[in-house]
Amino acid sequence: EAIRQAGQSAKISKTQCECADHGKPLDYLCKDCDTPACGVCLLLGGHVGHKAAKATEVIAHKKQNVADGVAKLRTSIEPRLVQSIRAVDDVTTRLTQRTGEARSQVKVAVQTAVHTVQACGEKLLQDVDDIELARSKVLDKQRSGLQHQLDAARGAAEFGEEMVRDLADNNDACLPLLVAVEERIAAICNVEEIEEKPKHHAELAFQPVQEDQLVTKTMQTT
């Protein structure tokens, strides 16, 4: 638009092509001042001693330069710009398509990850239950054995207390029974295999997995 306006302003009238000082045609171009000048200006006026060229020659040269520039714009610059714009538009279109595909892939990956995490969670819960069941069985068996030993010890103690309390010292008939009770109590007291400590501890902790270790998905860009 600026070039078109400059072209319109270049269509000047005949009076505008005359020297304002001498009224002569501006047939020359002062190269030192880069302004139009008339013959009088070059001989007697403000452009004395300056280098000058005929305006027609300068105009012809400039027009040729413009024509060459236009030819280059049309044959080289313009096609390259058009091709570049098409390439950008093509990439933009493909980017939109790839974005849709990538979003779909992300959704599928997330769903897969969710299912994987759910399955992993169910497996971990089952593992916890299995550990509890296995330990409980061992502890129950241990407790049953300890309870059996406790019942035997209490029974022997109660029976021994009764005999100590009720038997007379001169009752020879009860001597064999008293000896048997004595041996039984001694055997229980001398038992070394008393599992005083539980065979398992109650600690059962779950170590959380970091999110970046649980599911890792890398998107490659080219």
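Me: In which sense do strand β1 and β2 pair?

Reply: The model is a predicted one. Strand β1 covers residues 28–30, and three bridges join this strand to β2. Among the residues involved, Cys-30 has Thr-35 of β2 as its bridge partner. The sense of the pairing between β1 and β2 is antiparallel.

Me: Which strands stand at the edges of the sheet?

Reply: The sheet is open and has three strands, paired antiparallel in the order β2-β1-β3. Two of these strands have a single partner strand each, so one side of each lacks a neighbour in the sheet. The edge strands are therefore β2 (35–37) and β3 (52–54).

Me: What angle does the direction of helix α3 make with that of β3?

Reply: Neighbouring strands of the sheet are themselves turned by 35° against each other on average, direction ignored. Helix α3, residues 55–166, packs on this sheet and touches both β1 and β3. Its direction makes with that of β3 an angle of about 80°.

Me: How far apart are the end C-alpha atoms of α3?

Reply: With 112 residues at 1.5 Å a residue, α3 should span 166 Å. The helix also bends by about 45° at Leu-73.

Me: Which elements do the buried residues of α3 pack against?

Reply: The buried residues of α3 include Ala-55, Val-58, Ala-102 and Met-163. Buried here means under 20% relative accessible area. The packing partners of the buried residues of α3 are β1, β3 and α4 (175–189).

Notes
Residues are numbered from 1 along each chain as its sequence is written. This is a predicted model: local features need pLDDT of at least 70, side-chain atom pairs count only at pLDDT 80 or more; totals for chains, interfaces and linings use all residues. Side-chain values use heavy atoms; hydrogens and water are left out. Two strands pair if DSSP finds at least two bridges between them. Helices (H or I, at least four residues) and strands (E, at least two) are DSSP runs, numbered from the N terminus. Axes are lines fitted to C-alpha atoms, for helices over the stretch in contact, and angles run from 0 to 180 degrees between N-to-C directions. Contact means heavy atoms within 4.5 Å. The expected span of a helix is 1.5 Å times one less than its number of residues. The bend at a residue is the angle between axes fitted to the seven residues ending there and the seven starting there. Buried means under 20% relative accessible area, exposed over 50%, partly exposed in between (1.4 Å probe, protein chains only).
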